[in-house]
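Hello,

Here is the structure we spoke about. My notes on it follow below.

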Amino acid sequence: MQLAHTHHQPATHNKKIILICEHITSPANAGSIFRLADAFGIQEIIFCGNQPEIKSSRLRKTARNTEKTVPFRASESIKNTLRELHNLSFTSIALEITSDSVALSNIDFTAIHKVALVIGAERLGVTQQTLEQCHKIAHINMYGKNSSMNVAQATGIAFYELTRS
């Protein structure tokens, strides 16, 4: 029997995860990201650089009110944001396909309890300057012909990998 929302008992994990969105502007993607952040118990979303219109009806429809429950803020400088989180012992992981990125599924997250996951703009991904500042660069193994996937879908897969261990 399918459970009603009122019967849902959320799972827990022992991670502190902050999502850093670099130039994410699509209201639909941002709404999906809010909903995913709620589903995976993400501590905070930080929008750096260009950002979506939070009051957009498309964002609110996709987020299903999670934009009201998941803490978020804007930051002028992703460089300063990463520096602050590094000083708080967060391990920064950029989600991007590069010549030296490692498969996300191959990273042992059991000893990493504070993660700053960095995702990039819909078309351009994470900037080179930001990649250079992150502790790790990880990609999602892909088996089709396309070399990329939607940023919200990739974020959901990354949240799953981060929280399953």
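The buried residues of helix α1 pack against β1 (16-22), β2 (44-48), α2 (57-63), β3 (72-75), β6 (114-119) and α5 (151-163). Contact here means heavy atoms within 4.5 Å, and buried means under 20% relative accessible area, exposed over 50% and partly exposed in between (1.4 Å probe, protein chains only). Helices (H or I, at least four residues) and strands (E, at least two) are DSSP runs, numbered from the N terminus.

This is a predicted model, in which local features need pLDDT of at least 70 and side-chain atom pairs count only at pLDDT 80 or more, while totals for chains, interfaces and linings use all residues. Residues are numbered from 1 along each chain as its sequence is written, and side-chain values use heavy atoms, with hydrogens and water left out.

The residues of α1 (27-39) that are buried are Asn29, Ala30, Gly31, Ile33, Phe34 and Ala37. After the helix comes Gly41, with a positive phi near 65 degrees.

The whole structure has 4 aromatic pairs; rings of Phe, Tyr and Trp (its six-membered ring) pair if their centres lie within 6.5 Å, with planes under 30 degrees apart counted as stacked, over 60 as edge-to-face and the rest as tilted. Phe34 and Phe72 form an edge-to-face pair, because their ring centres are 5.2 Å apart and their planes are at 85 degrees. Phe34 is in α1 and Phe72 in strand β3, so this pair ties together parts 38 residues apart in sequence. Phe34 is buried at 0% relative accessibility, whereas Phe72 is partly exposed at 34%. Ring pairs link Phe34, Phe47 and Phe72 into a cluster.

Regards
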